[in-house]
Amino acid sequence: MLLEFSGGGSFLSANVTAHQVFTREDLSPAQQMFGRIAEDFMSTEVIPREQEIYDKDWALTRELLLKAGELDLLRVDIPEAYGGLGLDKVSSAYVGEKIGVMPSFAGSLGAHTTIGTLPIVYFGNEEPSLIYRDKPRPVSCTLERLLRFCREIYVETHID
């Protein structure tokens, strides 16, 4: 199924046939599985701690992000070549929908992957650079690895 984008709000008046429309029933078993993992995680780990999260318990948020990483929820959009799952955008959107039931945590998880990890994937350098001297490209998909990398870079760039 390939739809051409013609810009603006043309989708409002375009003639679309039934086979061009994606619905929840079109999710593959693998996509449904990732959605269930995200949904179960949110209902058992995150939602019961909702008030603590809204009270800005950052230690708890970090703990929950580590648990999300253990369930591979932080690696959905990362290409396989860099240690991610390399899932398609439908899978990513479906997992995001399940995570989105708790907006504050969804914001933290989204920031980790879209602000923290994906720029390293998209704009990182395969060759060691001046800053990353003698280190391989640091594509990390877990909070712990990303924080470790950030600490190393901070120390390297802030030595008097």
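Of the 160 residues of the protein chain, 29% count as buried, where buried means under 20% relative accessible area, exposed over 50% and partly exposed in between, with a 1.4 Å probe and protein chains only. This is a predicted model, in which local features need pLDDT of at least 70 and side-chain atom pairs count only at pLDDT 80 or more, while totals for chains, interfaces and linings use all residues. Residues are numbered from 1 along each chain as its sequence is written, and side-chain values use heavy atoms, with hydrogens and water left out.

Q: Where do the buried residues of α4 lie, seen down its axis?
A: The buried residues of α4 are S91, S92, Y94, V95, K98 and I99. Their arc, taken from the directions from the helix axis to the C-beta atoms, is within 165 degrees, so they line one face of the helix.

Q: Which residue caps the N-terminal end of α4?
A: A polar contact is a pair of N or O atoms within 3.5 Å; within protein, one must be able to donate a hydrogen and the other to accept it, and residues adjacent in sequence count only if both atoms are side-chain atoms. At the N-terminal end of α4, a side-chain oxygen lies 3.1 Å from the backbone nitrogen of V90, and the residue that supplies this oxygen is D88.

Q: At which residue in α5 does a kink lie?
A: The bend at a residue is the angle between axes fitted to the seven residues ending there and the seven starting there. In α5 a kink of about 40 degrees lies shortly before the proline P119, at a residue that is also among the buried ones of this helix, namely T117.

How values were computed
Helix = DSSP H or I, 4+ residues; strand = E, 2+ residues; numbered from the N terminus.
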